[in-house]
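Subject: Structure handover

Hi,

Here is the structure I promised to pass on. Please open it alongside this note; my findings follow below.

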Amino acid sequence: MRLKSLSRIATILSLLIVVTLSGQIQAQTGCARCASPVRQIQNGGSVPWVDVATRYRPDPVRIEETPAASSPFYSPAREDTGTGENRLFVPTRRPAPSLVPTESVAPAATEDSPSDKPRPPVKPAASKATIAEKISLRFADPRVIRMLQQLTPQGAESFYVEVSELIDGRHITPATYARRVDNALDHVAQALEVPSFVEAAQVRGSTAAISDLQGELQKMRTQVKVRSTNDALVVLRSVQRMADQSISINPAAISLEFLYGATDSLDQFSMLLPPERNGGPSVGLRDNVVGIGVEVEPHANGLKILKLLPGGPAAQADLRRGDVITHADGNDLKQLELNRAVDLIVGPVGTPVQIEASRGGKSGRVTLTRQKIALHSVVDVRMEDQSKGVAYLKLEQFADSTMNEIDAALMKLHQQGMESLILDLRGNPGGLLTTAIALSDRFLPAGTIVSTRGRTLSDNSKETAHYANTWKVPLVVLIDHNSASASEIFAAAIQENHRGVIVGEKSYGKGTVQTLFPLQTFPAALRLTTAKFYSPEGREMSGAGVTPDVKVTAESDPIRQEDAVLNEALRQISNPRVKDMANSYRRTGETQDESHVAA
């Protein structure tokens with residue numbers, strides 16, 4: 001399950017294939033990155049995935065080399081974990097396209113300085129989006145429009161039944177049918193005044209007719225008695241007939257609002273995921289994407305580039321962080337809703353797209369070829385202090401390929417003289433539960449890693465560490481308020497097993513497990529909260545998160561460009577107590593010294 005991703009802060013998205021939206025009011029992708037901790041199912045089908053908690057067995061970990069001489073592991077013998085390559089996409093070397101200046105000068109809008117600070121998942125704002133705002137965003141999303149165009153009346157009913165049965169059987173606290181249908185009736189009534197819905201649903205009718213229909217819908221909310229899926233379908237058909245008699249409207253749009261009325265009645269991490277452009281469900285965590293290789297956020301003049309993905313077309317061209325993409329293939333992106341703007345840029349692999357971008361009041365054009373781009377979990381690996389053997393590793397997400405990258409990075413650092421490790425999880429919104437467990441198992445010789453509790457046996461689990469293949473280097477873990485889900489599982493496992501020190505800010509506090517269910521009746525997916533997860537000591541993580549052993553403000557010195565959290569980590573890693581934590585850890589999971597925090 002992926003720990004979803006979340007409506008919050010400046011919407012971030014991977015202009016690749018999958019747009020990782022971190023700020024969409026409409027819950028169409030959760031943490032994703034945060035909010036999105038999810039397990040990816042390779043072949044679709046009926047097999048569910050799990051958020052931050054993904055219940056599946058990962059591919060065998062591939063160890064590229066065996067450590068020589070002194071072993072960095074608690075157990076000197078490493079098990080044979082399989083062979084194979086880490087098949088990451090390597091872009092073909094070719095002359096890089098360049099940004100050609102244009103005669104036009106882009107409007108000199110005020111642009112914030114690009115920030116390297118992680119953005120997802122960020123705490124929800126105090127005020128929630130209204131139903132009308134959710135509907136407006138929903139029907140401005142090209143994925144939802146495509147779904148609307150593909151749905152038939154009969155297919156929509158089958159779609160609704162499947163979603164309802166999954167909510168009934170798997171959601172940790174399913175809403176009653178009365179609440180789901182009440183939500184749906186309110187949604188349809190309000191949608192009739194939302195321009196994006198009116199356009200997409202092809203609503204035609206006089207103001208008086210629409211007003212009368214809204215009144216009838218509100219009246220139904222107090223009259224209907226709904227206790228089951230069949231009752232809900234009766235109300236759905238009744239609304240469609242009523243609307244057909246008074247106005248002109250696509251009946252599939254009413255069906256969609258009944259679906260969203262059901263999912264919106266659940267928690268913030270449960271949601272319906274519409275199909276992507278290629279027809280498959282929008283599933284979040286991926287090891288590669290197709291596009292031009294940028295992460296963007298909305299800007300007054302288009303899309304502002306937050307990050308260029310290594311090896312992507314944008315990185316090979318003259319595009320830079322902070323540039324504003326104003327046009328795609330001649331289409332003006334100014335004031336377009338985020339998903340619509342992104343939809344004009346993404347496309348099939350190998351196809352060209354002409355990008356016009358502005359920088360410092362000037363603009364230029366460049367034609368890029370959309371390509372497959374590898375998404376890396378490990379984004380920084382280095383010896384932070386070679387003289388003391390202090391290594392640094394930055395982990396951005398917990399995905400399918402993460403452990404292959406982690407194992408290769410740790411071996412590389414070991415060969416460079418690593419004697420201790422700083423593992424940076426700041427800004428990491430989480431990912432797969434299985435990956436969080438596997439990473440914890442790399443540093444814990446024994447002890448509980450995490451437990452989950454839900455409504456079914458399959459949602460209840462207790463994961464423990466294994467002695468083999470465990471690194472014994474002293475460890476400091478960095479977290480902040482954007483460290484969520486799988487990041488919190490790892491940090492809590494290290495902290496409560498007294499294996500290392502946690503430095504930074506209190507983490508996000510997601511604490512719930514989402515399972516992703518690919519649907520059979522339509523090429524979409526349903527993400528449901530199916531369990532909560534608990535720390536090794538049995539502490540509920542939802543809303544609580546992980547409190548660091550050493551609290552340090554996340555703000556860095558802007559003049560000296562110093563990282564206060566990293567500086568404190570370097571101080572802590574030199575403290576003999578941190579080394580004692582690693583060296584005194586027994587195979588039973590007990591330590592000789594129960595003192596935990598290095599002051």
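Which residue in β21 is the bridge partner of L516? It is R527. Bear in mind that this is a predicted model.

**Around β21**

R527 turns up again on another pairing. M271 also has R527 in β21 as its bridge partner. M271 belongs to strand β4 (residues 271–273), which pairs with β21 in the antiparallel sense over 3 bridges. Strand β20 (residues 512–518) is antiparallel to β21 too, with 7 bridges. β20 and β21 make a hairpin, and 6 residues lie between them. Strand β16 (residues 448–454) is another antiparallel partner of β21, over 4 bridges. There, G454 sits opposite A531 of β21.

Is β21 largely enclosed or largely open? Strand β21 (residues 525–534) has 9 of its 10 residues buried, so the rest of the structure largely encloses it.

β13 pairs with strand β14 (residues 390–395) in the antiparallel sense, over 6 bridges. In that pairing, Y392 of β14 is the bridge partner of R382. Pairing of this kind in a sheet goes through backbone hydrogen bonds, parallel or antiparallel.

**A helix pair**

Helix α7 (residues 229–246) and helix α8 (residues 251–263) have axes that come within 10 Å and cross at roughly 145°. The crossing of α7 past α8 is right-handed. From α7, the residues A232, V235, L236, V239, Q240 and A243 take part. They meet P251, I254, S255 and F258 of α8. By class, this contact has 8 nonpolar residues, 2 polar ones and no charged ones.

**Two backbone spots to check**

Q202 has phi near 55°, a positive value in a residue other than glycine. Q202 is in the loop between α5 (195–200) and α6 (207–223). Its relative accessible area is 49%, so Q202 counts as partly exposed.

D329 has a positive phi as well, near 50°, and is also a residue other than glycine. D329 is in the loop between β8 (324–328) and β9 (331–332). D329 is partly exposed, at a relative accessible area of 43%.

**Whole chain and confidence**

The chain has 15 helices and 22 strands. Of its 599 residues, 57% count as buried. Among contacts between residues at least 6 apart in sequence, 74% join residues at least 24 apart.

Mean pLDDT for the chain is 76, and 72% of the residues reach 70 or more. Where does pLDDT stay under 50? One stretch is residues 76–95, for which the model has 28 contacts beyond four places in sequence. Another is residues 103–127, with 56 such contacts. Where pLDDT is low, predicted coordinates should not be read in detail.

Best wishes

Notes:
Residues are numbered from 1 along each chain as its sequence is written. This is a predicted model: local features need pLDDT of at least 70, side-chain atom pairs count only at pLDDT 80 or more; totals for chains, interfaces and linings use all residues. Side-chain values use heavy atoms; hydrogens and water are left out. Two strands pair if DSSP finds at least two bridges between them. pLDDT is the predictor's confidence in each residue, from 0 to 100. Contact means heavy atoms within 4.5 Å. Axes are lines fitted to C-alpha atoms, for helices over the stretch in contact, and angles run from 0 to 180 degrees between N-to-C directions. A crossing is left-handed if the near helix is turned anticlockwise from the far one by less than a right angle, and right-handed if clockwise. Ala, Val, Leu, Ile, Met, Phe, Trp, Tyr, Cys and Pro count as nonpolar, Asp, Glu, Lys and Arg as charged, and the others, Gly among them, as polar. Buried means under 20% relative accessible area, exposed over 50%, partly exposed in between (1.4 Å probe, protein chains only).
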